[in-house]
Amino acid sequence: MQKRSIRRKLPVLIFTFSIIIYVDFQLRTSSLPKLSVAHHPSSGALHRSIQQAPSPAKGDARNPATDSSSGGIGGHPAAEGPAAHVTQPKLKLEDIYVAVKTTGRFHQSRLALLLETWISRTKAHTFIFTDTEDEDLQSNGYNVVVTSCQSDHSQQALSCKMSAEYDGFMASDKRRLYLNICVLCFVTQREVRFWFATGGAGFCLSRRLAEKMAPWASGSRFEQTSATIRLPDDCTVGFIVEKRLGISMVHCPLFHSHLENLLLVSHRSIPHQVTLSYGMFENKMNSIEVKGSFSKKEDPSRFKTVHCMLYPFTSWCP
């Protein structure tokens, strides 16, 4: 008899329990703020546009560049809720602070090549950090910051210039993204939305992350941090972000260093890259393989060839 009574009451109990769960769910969700979801478009040939970005790497909690209030360098902040994103204004070229560090002896060679190619299209948004006065650069309207840093490639000299770059970005309150590259890099102007942490290939910082770095990076603190850990400028940035702030870095395959085999970058993929590079390796030029009107003797870095491939109507392109 007892078993029969339980069987009769069981459906009623289940129905009642379901109603309670449903009502509780409605009360909880009705009090939550509504979020507009920003869908990440797939990657494509966008070297002339900085309005789209590739989908986040597997495991990313969010893409920090789509949310200018969060930030990462070679990484993303801790997850905050589900994979929905609050819609933010699209990133524009004028939102990016492009910093190039160089030294006086490279003004007429490495830097001149960049000025002739990609910097010619990002002049107002590119800031050149050097250690030598150059009237030609300044008279031609380039954003030149002459530091008091040493002219060598030492840890102290590099950290000194990186400190100046960081402070320059923080002073430019309208810029949302800090792109740091060396004088060996070619920027294709593809959208920069992932994070990488090496000076040779380039790396990015969002403004919010840069603000969080201030206790270890603002003013003389960056050089002090670098001296404490006895590591160069880009390693110091990674140390502050990963070890001091606990933000994991995310590798971006679209940034390329002269320390990697650049022959592996396919011709078809070049317009999709963020940065390219060149340099000597085992007494041979390490550069991308791309055909064009310039011979390898005329254009050993292949930067002019790439520039004319992306911007064929440039006056000096064949």
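The following dialogue examines how terms are applied to a predicted model.

Visitor: What makes a residue or an atom pair count in this model?

Guide: The model is predicted, so local features need pLDDT of at least 70 and side-chain atom pairs count only at pLDDT 80 or more, while totals for chains, interfaces and linings use all residues. Residues are numbered from 1 along each chain as its sequence is written, and side-chain values use heavy atoms, with hydrogens and water left out.

Visitor: Why is the link of cysteine 149 and cysteine 160 called a disulfide?

Guide: A disulfide is a pair of cysteine sulfur atoms within 2.5 Å. The sulfur atoms of cysteine 149 and cysteine 160 are 2.0 Å apart, and the pair therefore meets the definition. The structure holds 2 disulfides. A disulfide is a covalent bond between the sulfur atoms of two cysteines.

Visitor: What is the handedness of the link of cysteine 149 and cysteine 160, and which parts of the chain does the pair join?

Guide: The angle about the S-S bond is -80°, and the link is left-handed. The pair links distant parts of the chain, 11 residues apart: cysteine 149 is in the loop between strand 3 (143-146) and helix 4 (155-171), and cysteine 160 is in helix 4. Helices (H or I, at least four residues) and strands (E, at least two) are DSSP runs, numbered from the N terminus.

Visitor: How do you know that cysteine 308 and cysteine 317 form a disulfide?

Guide: Their sulfur atoms are 2.0 Å apart, which lies within the cut-off, so cysteine 308 and cysteine 317 form a disulfide. This link has -90° about the S-S bond and is left-handed. With the bonded cysteines numbered in sequence order, the pairing is 1-2, 3-4.

Visitor: What makes threonine 102 count as buried, and which residues does threonine 102 touch?

Guide: Its relative accessibility is 5%, so threonine 102 counts as buried. Threonine 102 is found in the loop between strand 1 (96-101) and helix 2 (107-116). Contact means heavy atoms within 4.5 Å. Leaving aside residues up to four places away in sequence, threonine 102 touches residues including His107, Phe129, Asp131 and Lys161.

Visitor: Why is phenylalanine 129 called buried?

Guide: Phenylalanine 129 has a relative accessible area of 1%, so the residue is buried. Phenylalanine 129 lies in strand 2. Among the residues that phenylalanine 129 touches, not counting those up to four places away in sequence, are Thr102, Thr147 and Lys161. The C-alpha atoms of phenylalanine 129 and threonine 147 are separated by 6.9 Å, although the two residues are 18 residues apart along the chain.

Visitor: What makes strand 3 and strand 6 the edge strands of the sheet?

Guide: The open sheet of 5 strands has the order 3-2-1-4-6, with mixed pairing. Two strands pair if DSSP finds at least two bridges between them. Strand 3 and strand 6 each pair on one side only. Strand 2 (residues 126-130) and strand 3 run parallel and are joined by 4 bridges, so they count as paired. One of the residues in bridge pairing is isoleucine 128, whose partner in strand 3 is valine 144.

Terms used
Buried means under 20% relative accessible area, exposed over 50%, partly exposed in between (1.4 Å probe, protein chains only).
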